[in-house]
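Hi,

Here is the structure I promised to pass on to you. Have a look at it first, and then read my notes below.

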Amino acid sequence: MRQVKIISESGSATRKRTRAIVACTDTEIRQRLLSVLREFRLQPVLPETLDDAKGLLTQEETAIAFVQPKFSKGSFLEVLRAADSPGSRVPVIVCSDFYDKDLYIEAMSLGAFDYLAFPYRREEVARVVNNAVSWDSLSPRIHAQGEA
């Protein structure tokens, strides 16, 4: 049996992530998300472009990302790919302005942390944020001892 070491990535055990990416253009959706994020003492960041949102995912301060399904130049798939890259451990929540079963299945199968459909209830958003913030602190990397 191999011994394993559990180590935290990038000192996440000592540094608390405080940034929340909100890549949603709908004003009402954004306002509902922002009010809950502030309750969790997260600092909302509103990227202007899809590229800005993807770039923010690699920064250690980012705790969570909310992204709409489609942008003028791209889709949530690009954000999920960026979140799955080395150096990024940010849970991404896809936020739709209506429930779409096929979109839900696609988002979750491609690695979204969760899916929200408008209208968002405060309790539902709070549950998702709480789960995502808890996931970050509970998901250390496991490395086999002796491997690089």
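This is a predicted model: local features need pLDDT of at least 70, side-chain atom pairs count only at pLDDT 80 or more; totals for chains, interfaces and linings use all residues.

**Starting with the sheet**

Strand β2 (residues 19–23) pairs with β3 in the parallel sense, over three bridges. Two strands count as paired if DSSP finds at least two bridges between them. Helices (H or I, at least four residues) and strands (E, at least two) are DSSP runs, numbered from the N terminus. Inside this pairing, Ile 21 has Val 45 in β3 as its bridge partner.

Residues are numbered from 1 along each chain as its sequence is written, and side-chain values use heavy atoms, with hydrogens and water left out.

So which strands make up the open sheet, and in what order? There are five, in the order β3-β2-β4-β7-β8, with parallel pairing. β3 and β8 stand at the edges with a single partner strand each, so one side of each has no neighbour in the sheet. From one strand to the next, the twist averages 25°. For angles like this, axes are lines fitted to C-alpha atoms (for helices over the stretch in contact), and the angles run from 0 to 180 degrees between N-to-C directions.

Two helices to look for here: α1 packs on the sheet and touches β2, β3, β4 (62–67), β7 (92–96) and β8. The direction of α1 makes about 175° with that of β2. Helix α4 (residues 101–109) also packs on the sheet, touching β7 and β8, and its direction makes about 155° with that of β8. Contact here means heavy atoms within 4.5 Å.

**Aromatic pairs**

How many aromatic pairs does the structure hold? It holds three. Rings of Phe, Tyr and Trp (its six-membered ring) pair if their centres lie within 6.5 Å; planes under 30 degrees apart count as stacked, over 60 as edge-to-face and the rest as tilted.

Tyr 104 and Tyr 115 are an edge-to-face pair, 5.5 Å centre to centre and with 80° between the planes. Tyr 104 lies in helix α4 and Tyr 115 in strand β8, so this pair ties together parts that are 11 residues apart in sequence. Tyr 104 is partly exposed at 33% relative accessibility, whereas Tyr 115 is buried at 6%. (Buried means under 20% relative accessible area, exposed over 50%, partly exposed in between, with a 1.4 Å probe and protein chains only.)

Phe 118 and Tyr 120 also form an edge-to-face pair, with 5.5 Å centre to centre and 80° between the planes. Here Phe 118 is partly exposed, at 24% relative accessible area, and Tyr 120 is buried, at 4%. There is a cluster too: Tyr 99, Tyr 104 and Tyr 115 belong to one aromatic cluster.

Most residues other than glycine have a negative phi, and most peptide bonds are trans. With that in mind, look at the bond from Phe 118 to Pro 119: it is cis, with omega near 5°. Pro 119 sits in the loop between β8 (114–117) and α5 (122–138).

Then there's Arg 41, which has a positive phi of about 60° although it is not a glycine. You'll find Arg 41 in the loop between α1 (27–39) and β3 (43–45). Is Arg 41 buried or exposed? Arg 41 is exposed, with a relative accessible area of 74%.

**Two residues inside**

Ile 93 is in strand β7 and is buried, at 0% relative accessibility. Leaving aside neighbours within four places in sequence, the contacts of Ile 93 include Ile 64, Phe 66, Asp 114 and Tyr 115.

Asp 114, in strand β8, is buried as well, with a relative accessible area of 15%. With neighbours within four places again left aside, Asp 114 touches Val 92, Ile 93, Val 94, Met 108, Arg 127 and Val 128.

**The whole chain**

The protein chain has five helices and nine strands, and buried residues make up 42% of its 148 residues.

Cheers
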